[in-house]
Amino acid sequence: MTTEEEQILAIIRATPELMTILRLIRDCHLKQGALAAGSIRNTVWQVLSGQPVALASDIDVVYFDHERPASDDLEIYAALTERAPQYQWQVKNEVYMAHYNFADTPEFTSVADAIGHFVEVPTCVGAYLDEDDAVNLIAPHGVTDLLNFQCRPVPFYQQDDRHLAIFRQRMAAKQWQKRWPGLVITES
């Protein structure tokens with residue numbers, strides 16, 4: 001565990017809403033179940049910017065289970081919504097998500113592999129609680145970019161203009177620099 005990863009874990013542990021969400025996800029007993037992406041990324045950037053922490057985006061729940069059909073995502077979503085309707089849940093079994101943007105993407109091998117294929121590096125982060133209530137981090141590309149307000153596409157999305165177009169579209173739509181003016185966006 002690096003000092004940088006410990007810093008991310010400390011932010012998560014100090015954010016009551018994230019801890020509540022992590023408990024809710026753990027209680028779903030999903031294979032490789034984790035909170036991922038924007039909830040963690042935005043919380044880290046809010047804390048580091050001295051902004052109030054507010055979960056303004058979807059709560060991305062990811063898991064990896066070959067034995068569950070994609071339709072189970074709706075059942076899990078309904079159960080989470082019933083227990084915590086204040087959140088906008090998104091539930092994805094990453095077994096079925098490899099071809100979301102491109103048909104030629106290799107199949108994912110785990111939830112960590114799937115998180116590592118999210119479009120931009122600072123979004124490639126996840127966390128889960130183990131049975132002892134310890135927070136565990138998933139960060140396939142590390143957390144340096146996240147902590148340093150740097151945003152670049154993961155290597156998979158740097159390979160050609162067709163892939164970079166997805167990154168560019170996301171950056172144009174998200175407009176993160178308006179909220180975090182110190183964010184540096186690069187394509188490599």
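User: Is Ala54 buried, exposed or partly exposed?
Analyst: This is a predicted model. In it, Ala54 counts as partly exposed, because its relative accessibility is 37%. The cut-offs are under 20% for buried and over 50% for exposed.

User: Where does Ala54 sit?
Analyst: In a loop. That loop runs between helix H3 (38-49) and strand E2 (59-63).

User: How far is Ala54 from Thr43, C-alpha to C-alpha?
Analyst: The separation is 7.3 Å. Along the chain, the two are eleven residues apart.

User: Helix H3 came up. Which element holds Val47, and is Val47 buried or partly exposed?
Analyst: Val47 lies in helix H3. Its relative accessible area is 36%, so Val47 is partly exposed.

User: What does Val47 touch, leaving out residues up to four places away in sequence?
Analyst: Ile11 and Val53.

User: And how far is Val47 from Arg152?
Analyst: Their C-alpha atoms are 21 Å apart. In sequence, 105 residues separate them.

User: Let's zoom out. How many helices and strands does the chain have?
Analyst: Eight helices and seven strands.

User: What radius of gyration does the chain have, and what would a compact globule have?
Analyst: The chain has 16 Å. A compact globule with 188 residues would have a radius near 16 Å, so the chain agrees with that.

User: What does the C-alpha trace span?
Analyst: About 40 × 40 × 30 Å along the principal axes.

User: What share of the residues is buried?
Analyst: Buried residues are 47% of the 188 in the chain.

User: What about charges? How many positive and negative ones are there?
Analyst: There are 15 positive and 26 negative charges. Their mean positions lie 6 Å apart.

User: On to the inside. How many residues are in the largest nonpolar core, and which have the most contacts there?
Analyst: That core has 62 residues. Ile12 and Trp89 have the most contacts inside it.

User: Which helix gives the most to this core?
Analyst: Helix H2, residues 16-26. Six of its residues belong to the core.

User: Back to Ile12. Which residues is Ile12 in contact with, neighbours within four places aside?
Analyst: Leu18, Met19 and Leu22 are among them. Ile12 is also in contact with Ile40, Ala127, Val135 and Leu137.

User: New topic, strand E2. Is Tyr63 there buried or exposed?
Analyst: Tyr63 is in strand E2. Its relative accessible area is 0%, so Tyr63 is buried.

User: How far is Tyr63 from Val111?
Analyst: They are 48 residues apart along the chain. Their C-alpha atoms are separated by 5.9 Å.

User: What's up with the phi of Phe149?
Analyst: Phe149 has a positive phi, about 55°, although it is not a glycine. Phe149 sits in the loop between helix H6 (144-147) and strand E6 (150-151). At 16% relative accessible area, Phe149 is buried.

User: And the phi of Gln175?
Analyst: Gln175 has a positive phi of about 55° as well, and Gln175 is not a glycine. Its loop lies between helix H7 (161-174) and helix H8 (176-179). Gln175 is partly exposed, because its relative accessible area is 36%.

User: Helix H7, then. Why does Ile166 count as buried?
Analyst: Ile166 is in helix H7. It counts as buried because its relative accessibility is 17%, and the cut-off for buried is under 20%.

User: What does Ile166 touch, not counting residues up to four places away?
Analyst: Asn101, Phe102, Val119 and Tyr157.

User: Last one. How far is Ile166 from Pro140?
Analyst: The two are 20 Å apart in space, C-alpha to C-alpha. In sequence they are 26 residues apart.

Methods:
Residues are numbered from 1 along each chain as its sequence is written. This is a predicted model: local features need pLDDT of at least 70, side-chain atom pairs count only at pLDDT 80 or more; totals for chains, interfaces and linings use all residues. Side-chain values use heavy atoms; hydrogens and water are left out. Helices (H or I, at least four residues) and strands (E, at least two) are DSSP runs, numbered from the N terminus. Buried means under 20% relative accessible area, exposed over 50%, partly exposed in between (1.4 Å probe, protein chains only). The radius of gyration is taken over C-alpha atoms; the globule rule is 2.2 Å times the number of residues to the power 0.38. Lys and Arg count as positive and Asp and Glu as negative; His and the chain ends are not counted. The place of a charge is taken as NZ of Lys, CZ of Arg, CG of Asp or CD of Glu. A nonpolar core is a set of buried Ala, Val, Leu, Ile, Met, Phe, Trp, Tyr and Cys residues joined through side-chain atoms within 4.5 Å. Contact means heavy atoms within 4.5 Å.
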